[in-house]
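Here are some friendly notes to read alongside the structure. Take the points in order and find each place on the screen as you go.

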Number of protein chains: 2
Amino acid sequence: MTDLTLTTFDWVPEIPRGYVRDIRVRWALEEAGLPYRVNAVPFGDRGAEHFSHQPFGQVPWLTDGDISIFESGAILLHLGKRSDGTLLPTDPRRRSETIEWLFAALNSVEMASLPWSLFMFSGDTEDTPGRKSLDKFLESRLQHLDSVLTDRDWLAGSFSVADILMADVLRLVDRFDGLAEYPACRDYVSRATARPAFEKALADQMAHFAAAD
Amino acid sequence: MTDLTLTTFDWVPEIPRGYVRDIRVRWALEEAGLPYRVNAVPFGDRGAEHFSHQPFGQVPWLTDGDISIFESGAILLHLGKRSDGTLLPTDPRRRSETIEWLFAALNSVEMASLPWSLFMFSGDTEDTPGRKSLDKFLESRLQHLDSVLTDRDWLAGSFSVADILMADVLRLVDRFDGLAEYPACRDYVSRATARPAFEKALADQMAHFAAAD
């Protein structure tokens with residue numbers, strides 16, 4: 001048993017609470033039943049030690065013994081491997097499917113949805129040519145994803161690390177009502193976030209930041 | 001020896017040529033010295049067979065025996081594992097570093113840079129609040145990456161799959177002169193694209209699409 005420590009900020013403003021990416025790691029750890037500790041670093045003053053673990057000055061990172069990992073995708077892949085097949089199948093073909101969907105959550109969907117959410121956060125409604133491209137980019141990804149999710153409960157056979165990432169990516173779209181025309185995506189988010197491990201992860205993140213107020 | 005087949009479009013318009021994502025896969029295959037075939041699917045009419053391999057209707061995908069993989073990140077991770085340590089170190093700590101940087105290329109940098117490039121392609125120069133957020137997002141990622149690349153030639157010790165992804169992500173920023181203030185990023189792109197495997201991959205992609213004109 002190695003020693004898992006999740007590092008996140010000590011505090012964040014109200015708006016991102018519930019959506020800070022440590023929730024992906026908490027959720028995976030809870031699903032896998034792996035014990036862990038939570039460590040906090042200053043939100044306001046990010047020093048050299050912080051950048052040595054996360055070169056973009058973001059959170060989270062995870063330490064597992066003497067290995068320190070940043071990027072929620074890399075952390076979830078690592079935890080999947082540690083979950084004894086629970087969150088990442090051991091069968092080669094199913095494992096490969098899970099890994100491609102894990103990347104798809106980040107690089108096909110979030111690459112469109114997170115920038116879109118920056119415009120939503122800004123309250124920016126100007127219909128410029130670039131904005132039209134961005135909206136169309138997200139729309140195309142959600143349309144295809146909705147077709148996929150019409151036929152299945154989870155992306156790769158059974159619930160996996162890919163679903164943790166995809167559901168968390170879609171939650172932020174849903175926050176701005178961006179899933180209104182994609183019922184299968186909306187149902188998928190409801191199904192995923194009804195899991196006790198998600199509920200605990202969310203409650204723990206909210207309590208962590210509230211404790212610092 | 002299994003049978004590797006890379007699938008890309010049969011044709012694309014002039015503008016994306018040289019930047020279609022099959023180049024990442026070609027580059028990795030050339031670096032690893034793995035033999036492969038190239039298969040083409042219609043750009044214009046994407047059918048059910050296409051979507052069964054790539055659910056977003058994009059390219060590339062790779063088949064390795066009876067396994068079919070989409071997402072350039074997932075494909076490069078797979079090829080890294082097949083490269084006998086050439087593109088993905090076998091030492092656990094160095095392998096973990098390489099994987100986190102592979103994700104960082106896609107989810108920390110490309111998530112900011114690709115949407116920004118959509119605005120550049122559109123010729124959209126309107127300085128709206130959302131656009132300001134997007135520019136700031138990319139700027140912050142490139143600033144931190146520039147610091148990292150000031151001290152090292154490659155992201156994780158030696159040249160790896162992470163560098164193929166990061167260099168290809170940065171090439172598209174460079175196309176719109178977005179690296180002007182980030183000399184270490186610019187030098188990194190020059191260093192990476194001077195590799196014979198990249199030069200062959202680029203020439204092969206250009207020839208593939210030119211043959212269809």
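Predicted model: local features only at pLDDT ≥ 70, side-chain atom pairs only at ≥ 80, totals over all residues.

1. Helix 3 covers residues 72–82 of chain A, and helix 4 covers residues 92–121 of chain A. Their axes are 11 Å apart, and the helices pack at an angle of about 160 degrees. Angles over 145 degrees count as roughly antiparallel, so helix 3 of chain A and helix 4 of chain A are roughly antiparallel to each other. Helix 3 of chain A passes helix 4 of chain A in a right-handed crossing.

2. Who makes that contact? On the side of helix 3 of chain A, you will find A:Gly73, A:Leu77 and A:Lys81. Helix 4 of chain A brings A:Arg95, A:Ile99, A:Leu102 and A:Leu106. Sorted by class, the contact between helix 3 and helix 4 of chain A has four nonpolar, one polar and two charged residues.

3. Turn to chain B for another pair. The axes of helix 1 (residues 22–32) and helix 6 (residues 161–175) of chain B come within 10 Å and cross at roughly 140 degrees. That angle makes helix 1 of chain B oblique to helix 6 of chain B. Here, helix 1 of chain B passes helix 6 of chain B in a right-handed crossing.

4. Which residues of helix 1 of chain B make the contact with helix 6 of chain B? They are B:Ile23, B:Arg24, B:Trp27, B:Ala28 and B:Glu31. From helix 6 of chain B come B:Ile164, B:Leu165, B:Ala167, B:Asp168, B:Val169 and B:Arg171. The contact of helix 1 with helix 6 of chain B has seven nonpolar, no polar and four charged residues.

5. Finally, a record to compare with the model. In an unreviewed entry, UniProt lists residues 91–213 of chain A as "domain: GST C-terminal". Over residues 91–213, chain A is 76% helix and 0% strand. The end C-alpha atoms of this stretch are 46 Å apart.

Definitions and conventions. Residues numbered from 1 in each chain as written. Chains lettered and ligands numbered in written order. Heavy atoms only, no water. Axes fitted to C-alpha atoms, helices over the stretch in contact; angles between N-to-C directions. Helix = DSSP H or I, 4+ residues; strand = E, 2+ residues; numbered from the N terminus. Parallel < 35°, antiparallel > 145°, perpendicular 65-115°, else oblique. Left-handed = near helix turned anticlockwise from the far one by under 90°. Contact = heavy atoms within 4.5 Å. Nonpolar A, V, L, I, M, F, W, Y, C, P; charged D, E, K, R; others polar. UniProt positions renumbered as here; feature names shortened; annotations may be inferred.
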